[in-house]
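Morning, everyone. Please bring the model up on your screens. I will start with one working term and then walk through the fold.

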Amino acid sequence: MSTLEIKDLHVSVATEDGPKEILKGVDLTVASGQTHAIMGPNGSGKSTLAYAIAGHPKYEVTSGSITLDGEDVLAMSVDERARAGLFLAMQYPVEVPGVSMANFLRSAATAVRGEAPKLRTWVKEVKTAMADLGIDPSFADRSVNEGFSGGEKKRHEVLQLALLKPKIAVLDETDSGLDVDALRVVSEGVNRYRESGDAGVLLITHYTRILNHIRPDVVHVFAGGRVVESGGPELAEELEKHGYVRFTQAGAPA
């Protein structure tokens, strides 16, 4: 059983006019076996939360805390956070020219597991995971994300999720840029991961369409840099019908 706990988190980003506060007191707890969806309008701070959890240097935590199973995440380097069991699927996955997918995945698995996986079992594990996601085996020899379509990049993110098996996965707009078929395949991959055991999911999205495939236990509405309301899946249905107006105009922090 693992728990990611965020308390009164304040995060700023550097601008030409000086630091700008983006997160203004976020409180959130995600445990194994739970799927939390964060929804909100553009600029509300959803992606800032994801990057603060992962340790992106652009985002400065000015106060508050993030812990994973009681351990201080903010005291960890980016790679230490990954080895501790945190995973970030990025909205815009980066290209890594010159590094094959096969080498990247095995290096990542070695770092997370503490030892290199045995080659014979590893090859079988990778082939199975790629087949589950409809990824052509030839992609193993291609440079990470180089020349990949948006859907191919997102499938690769979920491939990492399947192989690295983190404690808590933060998925930042994984549905962005996906067609209907790719959305279904990616969602099935996330569902396999979260059903595999000690896994919690924090899913960040604008739209409810992915929630038709990945059923959240809790939905949080983000506005003005904090969670302004939480509820069950019915809250997402309300957002689909009425949008974010009542949250952005009803005294939510600017």
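Contact, in this talk, means heavy atoms within 4.5 Å. Keep that in mind for leucine 86. Set aside its neighbours within four places in sequence, and leucine 86 is in contact with Leu4, Ile53, Leu68, Val73, Arg81, Pro166 and Ile168. This leucine lies in strand 6. Is leucine 86 buried or exposed? Its relative accessible area is 9%. The cut-off for buried is under 20%, so leucine 86 counts as buried.

A word on confidence. This is a predicted model. The protein averages a pLDDT of 91, and 98% of the residues score at least 70. Among the elements, strand 5 has the highest mean pLDDT, at 98. Helix 8, residues 245-248, has the lowest, at 81. As a rule, where pLDDT is low, predicted coordinates should not be read in detail.

On to the sheet. What is the strand order? It runs 6-9-10-3-11-12. That is an open sheet of 6 strands, with mixed pairing. Strand 6, residues 86-89, stands at one edge, and strand 12, residues 226-231, at the other. Each has a single partner strand, so one side of each is left without a neighbour in the sheet. From one strand to the next, the twist averages 20 degrees.

Let us go strand by strand. Strand 9 and strand 10 pair in the parallel sense, over 5 bridges. Strand 3 and strand 10 also run parallel, joined by 5 bridges. Valine 201 in strand 10 has alanine 169 opposite it. Threonine 35 also stands opposite valine 201. Next comes strand 3, residues 35-39, against strand 11, residues 218-223. These two run parallel, with 4 bridges. Methionine 39 has valine 221 as its bridge partner in strand 11.

How many residues of strand 10 are buried? The count is 6 of 6, over residues 200-205. Gly200, Leu202 and Ile204 point one way. Val201, Leu203 and Thr205 point the other way. Both sets are buried.

A quick stop at helix 6. Asparagine 191 lies there. With a relative accessible area of 14%, asparagine 191 is buried. Leaving aside neighbours within four places in sequence, asparagine 191 is in contact with His213 and Ile214.

Now the aromatics. The structure holds 2 aromatic pairs. Tyrosine 51 and tyrosine 59 make a stacked pair, 5.8 Å centre to centre, with 5 degrees between the planes. Tyrosine 51 is buried at 15% relative accessible area. Tyrosine 59 counts as buried too, at 18%. Then there is the pair of phenylalanine 139 and phenylalanine 148. Their ring centres are 5.0 Å apart. Why is this pair called edge-to-face? The planes stand at 65 degrees, and the cut-off for edge-to-face is over 60. Phenylalanine 139 is buried, with 11% relative accessible area. Phenylalanine 148 is buried as well, with 7%. Phenylalanine 139 also has a charge over its face: arginine 142 lies there, 4.4 Å from the ring centre.

Last topic, the backbone. Most residues other than glycine have a negative phi. Two residues here are worth checking against that. Aspartate 69 has a positive phi of about 55 degrees, and it is not a glycine. Where does aspartate 69 sit? It is in the loop between strand 4, residues 59-68, and strand 5, residues 71-72. Its relative accessibility is 34%, so aspartate 69 counts as partly exposed. Glutamate 173 has a positive phi as well, about 50 degrees, and is not a glycine either. The place to look is the loop between strand 9, residues 168-172, and helix 6, residues 180-194. Glutamate 173 is buried, with a relative accessible area of 8%.

That is my tour. Questions, please.

Note on methods:
Residues are numbered from 1 along each chain as its sequence is written. This is a predicted model: local features need pLDDT of at least 70, side-chain atom pairs count only at pLDDT 80 or more; totals for chains, interfaces and linings use all residues. Side-chain values use heavy atoms; hydrogens and water are left out. Buried means under 20% relative accessible area, exposed over 50%, partly exposed in between (1.4 Å probe, protein chains only). Rings of Phe, Tyr and Trp (its six-membered ring) pair if their centres lie within 6.5 Å; planes under 30 degrees apart count as stacked, over 60 as edge-to-face and the rest as tilted. A charge sits over a ring if NZ of Lys or CZ of Arg is within 6 Å of the ring centre and within 35 degrees of the ring normal. pLDDT is the predictor's confidence in each residue, from 0 to 100. Two strands pair if DSSP finds at least two bridges between them. Axes are lines fitted to C-alpha atoms, for helices over the stretch in contact, and angles run from 0 to 180 degrees between N-to-C directions.
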